[in-house]
Amino acid sequence: MYIHIGAGYNVRDREVIGCFDMDGKWDSALTKEFLKNAEKDGKTDMAGTDLPRTFVLTDEKIIFTHISTSAILSRVEGLQL
């Protein structure tokens, strides 16, 4: 199954490792370093052009999206019905 994470961007549910809120997490030195290294390695992508609220960690890359973490998680839960 696929999960829509914004701006026509879909990811396979089995590829998603985690979905993280940018508020609060962004201040963590470890998170900043992790995201910086991923960007340097070309492993980041944007789902749309709006200011990102969430980043979705998959087994291949990190996708920044304007969709809230709670909205993405509710879509994931909807797939499990």
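Is Thr-69 buried or exposed? The notes below take up that residue and its surroundings in a predicted model.

1. Basis. Residues are numbered from 1 along each chain as its sequence is written, and side-chain values use heavy atoms, with hydrogens and water left out. Because the model is predicted, local features need pLDDT of at least 70 and side-chain atom pairs count only at pLDDT 80 or more, while totals for chains, interfaces and linings use all residues.

2. Confidence. The mean pLDDT (the predictor's confidence in each residue, from 0 to 100) is 90 for the protein. Of its residues, 94% reach 70 or more. Among the elements, helix H1 (residues 22-25) has the lowest mean, 73. Strand E6 has the highest, 97. Helices (H or I, at least four residues) and strands (E, at least two) are DSSP runs, numbered from the N terminus.

3. Thr-69. This residue is buried, at 14% relative accessibility. Buried means under 20% relative accessible area, exposed over 50%, and partly exposed in between (1.4 Å probe, protein chains only). Thr-69 sits in helix H3 (residues 69-79). Leaving aside residues up to four places away in sequence, Thr-69 touches Cys-19, Phe-20, Asp-21 and Thr-54. Contact here means heavy atoms within 4.5 Å.

4. Nonpolar cores. A nonpolar core is a set of buried Ala, Val, Leu, Ile, Met, Phe, Trp, Tyr and Cys residues joined through side-chain atoms within 4.5 Å. The largest has 10 residues, including Ile-3, Tyr-9, Cys-19, Ala-47 and Ile-72.

5. Ala-47 and Ala-7. Ala-47 belongs to the largest core. Its contacts, not counting residues up to four places away in sequence, include Ile-5, Ala-7, Ile-63 and His-66. Ala-7 lies in the loop between strand E1 (2-4) and strand E2 (10-12). At 52% relative accessibility, Ala-7 counts as exposed. Check its backbone: phi is near 55°, a positive value in a residue other than glycine.

6. Salt bridge. The whole structure holds one salt bridge, defined as a side-chain nitrogen of Lys or Arg within 4 Å of a carboxyl oxygen of Asp or Glu. Asp-45 and Lys-61 form it, at 3.9 Å, N to O. Asp-45 is in strand E4 (residues 44-47) and Lys-61 in the loop between strand E5 (54-58) and strand E6 (62-65), so the pair ties together parts 16 residues apart in sequence. Asp-45 is partly exposed, at 29%. Lys-61 is partly exposed too, at 30%.
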